[in-house]
Amino acid sequence: MPNAIELIGAVKKYGDFEALKNVSFAIEAGSLVAMLGPNGAGKTTSINLMLGLRRPTAGKALIFGGDPRQMATRRRFGAMLQESGVPQLLKVKELVELFRSYYPKPLPNDQVIKLVGLEDKSETLVRDLSGGQTQRLYFALAICGDPEILFLDEPTVGMDVEGRRVFLRVIRDFAAGGKTILLTTHYLEEADELAQRVLVIDKGKLIADGSPQEIKSRVAGSKISFTSASTLEAGALSGLPVSTSDVADHRVTLMTNDPQAVLRELFRRNVDMANLEVRGADLEEAFLSLTGGK
Amino acid sequence: MGRVFLMQTRAEMLKFVRVPAFGFFSLLLPLIIFVFFGLRQATVPLYPHSAITVGTYVMTSMAAYTVGNVMVFSFGMALAIERGQKQDVLLRASPLPPAIYLLAKIVNAAIFALVALVVLFVFAHFSAQVDLATGTWVTLAARLLLGSIPFIGLGLGFGYLASPNSAPALINIIYLPIAFASGIFIPVNQLPDFIRGLAPYLPLNPFVELGWNAIGIPTDRTVTTDVLYLVAYAVGFFALAVWAYSRDTASKFA
């Protein structure tokens, strides 16, 4: 059985800018994979190659071993894109019905609208939907054809709490039904919550590929920072369980997976700390520890 | 495939009727212009001893203007808006065959052009006693619908070149003066000299001549010559559309 999705040595250049630098991976049919990376990492470019919206400068993008630009291939996937629009002057149910007609074996119209929780809005014009409802409508259009593969580019951005809850439930149901799902996100928690496998992409390269647990263990989850009025003694920070440490002026920044242990040790050493702050690392910082640490 | 086409056409029609401006420009405006130009001398012979009235002549001219307008506007505006809202992106990732997308738009435009013609014909019949043989009504409508094919190409070209904000102004700035200079509102022999020389070569002139010829007005050129002109315009405008489409595609989907 061929892989559901495959990138083989994919390179994408926009003029001089290399958005994707020789990326290869394969996704088996039936798996739920998250592509994780900061903004501008190359996630959307990867998705666009897989959907046939862009052509790779070098390498290949294959869907079930075929060209995504062919109609027969396109009938096998549905997509939710970040930068796209739909007719504003159609009603929700009309638009879902229209998109359903593009696919050979679509889900029933009412079922799709109910799945995404837009029953109350089925007679509403698309232009009158809120941002969160529009996002749910896009999700409905992606799933309405009951496709074998779902591509979801940053699906939860702009989703309201209810939308997100609905979304997570439907995604899990689809995955349980044997569908292949590839979603992009820049939240580690979201990837962790949903996916069986996480592809980490940064600056156009695939930098990690593993289970959410593996990725989490390699990424520094917390950031500790404080200012020190006095000059730190030599060795004050040595031997701490941190992945990176940085001292600039009097500001100390430590990245770690074990903030409690680091703080305990700092207090024990009686290090002078003011403006102490501990918070979850954002993805940029986490990636620095992932890429910089190697 | 048939069902996709029906659904796509239905969606196109729903979108079209929900834009009040489209209805105004394609249905109401021709009637208003007809009232201004055609009603006063509606039953007067067009020239001494002619069986054709001024009302019939003006109605025919307005019919050509209307059909051309529906084609240029419905394609130009709709495409510019769709591109502006990035509707083309999701469609391109969907399994909708581009040919069906285009065909649905053409059928929708043809239906609205026909509706606009019927509205104008009925209005002219009752307000200006315009009376034609059944066969003449049908010939007139058929010639104008078939002869409007070049304007679909022109509309597509506008749609892929113009931004949603500039499209209405751009189309009006180009289409309206061409309509004037082609003798649609004012007969060619009453136009200023420098335009008179140009008029026969403008796309709306052979088009409106097809209509005039259908109701029995002597025209400068034969129907065959007019058709050849329109074929040449169709080739030119569709080439423009293909070029504009490739340019748009190359920047977004390469």
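The model is predicted, so local features are reported only where pLDDT is at least 70 and side-chain atom pairs count only at pLDDT 80 or more, whereas totals for chains, interfaces and linings use all residues. Residues are numbered from 1 along each chain as its sequence is written, and chains are lettered from A and ligands numbered from 1 in the order in which they are written.

**Chain A overall**

- Chain A contains ten helices and 13 strands, where helices (H or I, at least four residues) and strands (E, at least two) are DSSP runs numbered from the N terminus.
- Taken along the principal axes, the box filled by the C-alpha atoms of chain A is roughly 70 × 45 × 35 Å.
- Of the 294 residues of chain A, 43% are buried; a residue is buried if 20 or more other C-beta atoms lie within 10 Å of its own, exposed if 12 or fewer, and partly exposed in between, with C-beta atoms placed from the backbone.
- Among the contacts in chain A between residues at least 6 apart in sequence, 70% join residues at least 24 apart, a contact being two residues whose C-beta atoms, placed from the backbone, lie within 7 Å.

**A:Pro68**

- A:Pro68 lies in the loop between β4 (58-63) and α2 (71-74) of chain A, and it counts as buried because 22 C-beta neighbours fall inside 10 Å.
- Apart from neighbours within four places in sequence, A:Pro68 is in contact with A:Met50, A:Leu51, A:Gly52, A:Ala61, A:Ile63, A:Thr73 and A:Arg74.
- A separation of 49 Å lies between the C-alpha atoms of A:Pro68 and A:Val247, which are 179 residues apart along the chain.

**Contact between the chains**

- The contact takes 22 residues from chain B and 23 residues from chain A.
- On the side of chain B that touches chain A, the elements giving two or more residues are α1 (2-17) and α4 (87-93) of chain B, and the largest share, seven residues, comes from α1(B).
- That side of chain B has 13 nonpolar, four polar and five charged residues, where Ala, Val, Leu, Ile, Met, Phe, Trp, Tyr, Cys and Pro count as nonpolar, Asp, Glu, Lys and Arg as charged, and the others, Gly among them, as polar.

**Helix α10 of chain B and its crossing with α3**

- Ten of the eleven residues of α10(B) are buried, so this helix is largely enclosed by the rest of the structure.
- The buried residues of α10(B) pack against α3, α6, α8 (167-181) and α11 of chain B.
- The axes of α3 (residues 54-84) and α10 (residues 204-214) of chain B come within 9 Å and cross at roughly 130°; axes are lines fitted to C-alpha atoms, for helices over the stretch in contact, and angles run from 0 to 180 degrees between N-to-C directions.
- The contact is made by B:Thr60, B:Ser61, B:Ala63, B:Ala64 and B:Gly68 of α3(B) and B:Leu204, B:Phe207, B:Val208, B:Gly211 and B:Trp212 of α10(B), and by class it has six nonpolar, four polar and no charged residues.
- After α10(B) comes B:Gly216, whose phi is positive, near 95°.

**Helix α11 of chain B**

- Buried in α11(B) are B:Asp226, B:Tyr229, B:Leu230, B:Tyr233, B:Phe237 and B:Ala241, and what covers them includes α6 (134-147), α7 (149-161) and α10 of chain B.
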